[in-house]
Each structure stands twice: as C-alpha cells, then as structure tokens.
Amino acid sequence: MDFLTLIQVLDSTMRMATPLLLACLAGLFSERAGIFDIGLEGKMLMAAFFSAAVAAATGNVWLGLLSGVASSLVLSGLHGLASITFRGNQLISGVALNFLASGLTVLIAESWFRQGGRTPSLLTDGRFNGIELPFAIGPADAAAADRPLNELIKEAGPIQQLYSELISGHSILVYVALLFVPLTWWVLFRTRFGLRLRAVGENPAAVDTAGVSVQGLRFAAVGICGLLCGIAGAYLATGLQAGFVREMTSGRGYIALAALIFAKWRPWHALGACLLFGLLQAIALRFQSIQFGGFTIPVQVMDALPYILTVVILAGFVGKAIPPRAGGQPYVKER
Amino acid sequence: MTLMKSLMGAAAAVALSAGAALADPALIFDLGGKFDKSFNEAAYNGAQRWVEETGGEYLEIELKSDAQREQALRRFAERGANPIITMGFAMTSTIENVAPDYPDTKFVNIDGWADLPNVQTISFAEHEGSYLAGVMAAEASKSGTVSFIGGMDIPLIRKFACGYAQGVKSVNPDATVVSNMTGTTPDAWNDPVKGSELAKAQISQGSDVVFAAAGGTGVGVLQTAADEGVLSIGVDSNQNHLHPGKVLTSMMKRVDVAVYNALKDGADLETGFQNLDLAADGVGVAIDEHNEALVTDEMKASVEAARAAIVAGDVVVHDYTSDDSCPALSF
C-alpha cells in the first residue's frame, strides 16, 4: 500500500466517520443527562429526508439544513415528552421513533414527490459541496489543466497530497463536526451547565436538592441531541449524497451508539472511536479481502469488527464501560 | 337496527361478489422497492404497460422485510390471484414452500430456480448483456481500468461482474477490472452512501467507467461518477436519463417484457423454465438520446459484432453460476 492509497483511505475515513461522530456526540449529550437514546437512527433519517426535501424544493441547502434540524428536534421533543415528562421507558420510546421515522419519511416522500419514497436529485446549489482550502489541488485546477483530478494529485508531492486529498475538499459539515468535539468537551467539563448536565445523569436527586430543574436540564440535553442528529442526517442526504433514499442511514445510528459505549461516554474518545469505526468501513470498502500473513481476512470481518469491539469493551476486557448511573431511569421527585 | 343489519348484509354481499370476481393477477415487488429505478421498477413498467393496453387490474405489494415473503404469497393465493408474479431470487424458497399448497394457481419466479409443476421460472442471460456493457466500457475507457460495483454478494451479481469482465478483456486483454460488492445483507441494495464511497475508491484506483449492478445503491454510484466526471453504466432499467451525457449505457434486463408477457398470458401461462438471453432480446444495452453523444460509431460496431457472435454461438460467455468460478475476474 503506497502513501497515496493510505491518504485516500484516510480521506474516505473522514467522510464515513462524520455522520457517526455527530450522532455519537448527540448520544453523548443525551446519555450523560441520563436519557438513553436508541432513536439516533430515526432522527438522522428524518433529518436526512427533510433536509433533502426542502433543499430540493427551494434549491437552498441552508434552508434544507434548518428544516432537517427542526424535524430532528421535533422527534427529540417527542422522546423527551415520553421519557422525561411522562416517565416512559426510554428504550421503547427510542425504538418507536425509529419505526416512525422509517415509515413516515417514505410516506411523505411518496406523497410529495411521487418518486417511490425518494427525493429528486439535488442540483449543485442544493448540496453541501466540497470546500477547497487555499493552495489545495481541487476540481478547479483539474478543469484548468483539462486533466483528471486524480492524475494531478498523483504527481504532487507528499505534503500536497496529504493537504489536498485529506484535509481539503470536504463539505463544511465535516469541519463543523470536528469542531463539535472540543466544543462538547468544553461545554461538558468546563461550564456550569455541563457540570449540572453530568450530575443529572449520575444523581438527579442531588441536582434537584440544589434547586435546579432536572426536567429542564434533561430537555436541554435531548434538544442538543436533536440538533446534532439533524446535522448528521443533513450531511448524509445533502453532503455525501444528492438526495434522500429510503432507509439511507442504514444502521449508522446504531454504530454511533456502539462508538459511544466504546468511547465510554467521553468526547475525545468518541472522536477516536468514530474515526476507528470509519477507518474500518473505509478499509472494508477499499479492499474486498485483505491478505494478512498467509490468511485472507474476508470483508465481512471488517464489517462486523465495530460490533465485536463493542462487545469486547462491554465484557470488560479493556477497562470497564460504566454508563451514567441514573441512565434509563425517569426521575421521580417524591415517593 | 334492522336497517343496519340489511346495510351490513348488503355490504357483505358486495364484498363477497368482489372476492368472487377476483381472478386478478398479483405482483410482489422485492425489498428494493417498486421505484428503485432498476429491477423492480422494470417490473412495474411492464405491468403498467399491460394495464394501459388491456385495462386490467393487478394486486401488488412491496415487501418490507424477509418475514413478509410467505405471508404475502399465501394471502394472494388465498384471495384467488392468478398468476402470482414474484420478483427476485429470494422468493425461490418461499415459492417452493407455498406453491404445492395451491396447485391451481400459477406462480412466476423471476430470477429464481424453483422447479415445480405450477411455477414458471424466468431467468435472464445477464452475463451476455453485461458482456456487451463490458465491450462498451473498454472502448470508452482511457485509463485502461474499469470497475464494477455489485449490491449484495450473491452468485447472480457475480454473474453480472463476470460477464462484464469478460467483455472488457475481449476488447482490451490488459485492462484492469476492479470489482467490489456493497455488502452481504439485503441492506446492500439500499445504501447509496456506501455506493458513493465505493465509486470514489474505485475512481482513485484509476477507473473511469463504473458499472453498478446494485439496485438503489446504484443511484449513489451513478451520482458520484457524474460528480467526479467519469462514466457509469446503469442496470436492469434504462438509467441513461438519470445523468444525461454521463451514463455510458444501461445493461437492460427486460424484466418489463417478462412481466408483461406473464400478465398477458394470465392464468394460461406456460410453466417451466424460460431463459431470456441475448437472442431473445431478454438482455441488451440501451442507446437513446441521453447517451448517443457518448457512443461512437466504432463502439456501436463492436457491440453489434459481439452481439452477433454471441447469438451465433461463436463466442460463449462464461456463466458464473454454472460452476461458481470466473475466468476473467477473481472475487
């Protein structure tokens, strides 16, 4: 494997990891506040559909992003209503949201666009296109030289390859997702809000005794979760793809949950876990089978590895993954 | 109350007579969904053509999960639908279970291998059509590297890949054929994000013609190919219109013709095996106003020559499913 191939695999890793990372951070906020959220998948799917639908109708990708986030927030609100206000079972509420999103997106898409549960293909303005950073080799240079972009990059020096292929050329949401990692860390561990949010996931009674609203904090956490899932869904439909296709999240919400456990509910570790899972996917996509010292590792092993790793972590082989103590339990003020 | 009773009685009578009149045919779409712009949509188009010509009606269902297969099939059989047309290889075992219980109902198993007295099994010579697509790809490629993206990794999809690779090698023996499968579960038919990523990986390996035989996943492949400025080849339905001027051609599998014929024959259709090959126009490559600028005269000539040679039997395209191996491509 030469240097350029490595860079290309890492480039692919960035694209595959971004929706995972956003969804993982979304889950992190929610679960740190004591609300398990299995509905990440559904929220992403809903946001993917509404962002693509509005972007297709208006031709403006930012309006698409806004409506994607709004739709995801509505689902978050439902989850909050069921599991915080009415103290229902959080897992069941999450599963219900997944099914709701899976059916509703196709239903609305069919009635709006009549294209069999998909949105029309988005044109250039309706999508988040790659941003060319200064001095990077991009499609504009390729057009000027009238040669394929790949050849130009192949001829460039290693630093330029690294810069043009891996760092430059992603859509803005990729950079936003990366910025959310330090931001999440700062909010959770350096602000008063973050301290309370973590406390509400560990010991809500103490927070309540201090005179802070448990419900308010939990709703705030669920709201942030909705916002991040909305961006993740919009990235899938308008960044990676040019439109919505039914079930297009295809299990990414669950992989994000696995990454969250793998990261033991910590932001920087979440980045690491998502990049690792993204890397595994990228390798599986690039090489169908890998020769490894006489053995051939089939592609299915790579696909299954994120889940295997999560089980290993949960079984306690590599340190223990301890979820927030009050996670999954609705808070009852007085008995 | 009596009024209510008589009303309900009338309603029941209407329902009964409706049930008795029901000898409509039924069509079961596979998991890809009715409008996958590909395999299932071809069936839908065939059925619609029949509706327009005869004014008939048909029952239909889009399967959402594997668990529904037997239920849907039995329900249609119970309602007296005849014939019942099923899409996709995955229905084969279900038909083998259900068909013996309804000996008077005819079943059509497209892409399957069910061997029963009341089942018509239709298969296509995908390897021959893909061979023609491969010939065009090799002629259009400047880099000498072309690629293939399959949906779920099953022998049928390998048959596409193998025929394609043989076509490519027939024009340019030194050409490199990169082949990837999207996955091993039915999810692989509906993951355009993964399709895009696979296409990007293949393009960075030098491929400048990408053939996608992957259902809904192919939508992502064609999109990425158009974005990156390389050519793509669609599958099953004519997909040239999806990105005019960017899709080299589509390997058409005339599922629409098969469905149309089955509906036209109705309950009298002949059971047994039917193989729709190149000679029977069951497969072929699409050339229309959206891609004619891409297809040179030489390309047309070589496709015609290859087609004639296959029909005449001078060229035998190896069928992957015959012995689970491929001379031109390793998986």
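**Close-up views of a predicted model**

**View 1. Where helices α9(A) and α11(A) meet.** Here R196(A), L197(A) and V200(A) of α9(A) come up against V214(A), L217(A), R218(A) and A221(A) of α11(A). Keep in mind as you look around that this is a predicted model. Sorted by class, the contact of α9(A) with α11(A) holds five nonpolar and two charged residues, with no polar ones. Helix α9 spans residues 192-202 of chain A and helix α11 spans residues 214-240 of chain A; their axes lie 10 Å apart and the packing angle is about 105°. Angles of 65 to 115 degrees count as roughly perpendicular, and α9(A) and α11(A) are therefore roughly perpendicular to each other.

**View 2. Chain B against chain A.** In this view, 24 residues of chain B are in contact with 23 residues of chain A. On the chain B side, β7 (176-183), α7 (192-204) and α8 (217-228) each supply at least two of the touching residues. Helix α7(B) gives the largest share, with 10 residues. By class, the side of chain B that touches chain A has 10 polar, eight nonpolar and six charged residues.

**View 3. The buried face of helix α3(B).** Zoom in on residues 68-78 of chain B, helix α3, and you will find R69(B), A72(B), L73(B) and F76(B) buried. Seen down the axis of α3(B), these buried residues fall within an arc of 95°, so they line one face of the helix. An α-helix has 3.6 residues a turn, so residues three or four places apart point the same way. The cover over the buried residues of α3(B) includes β1 (26-29), β2 (59-62), β3 (84-87) and α4 (92-98) of chain B. Just after α3(B), look for G80(B), which takes a positive phi of about 85°.

Notes. Residues numbered from 1 in each chain as written. Chains lettered and ligands numbered in written order. Predicted model: local features only at pLDDT ≥ 70, side-chain atom pairs only at ≥ 80, totals over all residues. Axes fitted to C-alpha atoms, helices over the stretch in contact; angles between N-to-C directions. Helix = DSSP H or I, 4+ residues; strand = E, 2+ residues; numbered from the N terminus. Parallel < 35°, antiparallel > 145°, perpendicular 65-115°, else oblique. Contact = placed C-beta atoms within 7 Å. Nonpolar A, V, L, I, M, F, W, Y, C, P; charged D, E, K, R; others polar. Buried ≥ 20, exposed ≤ 12 C-beta atoms within 10 Å, placed from the backbone. Arc of directions from axis to C-beta.
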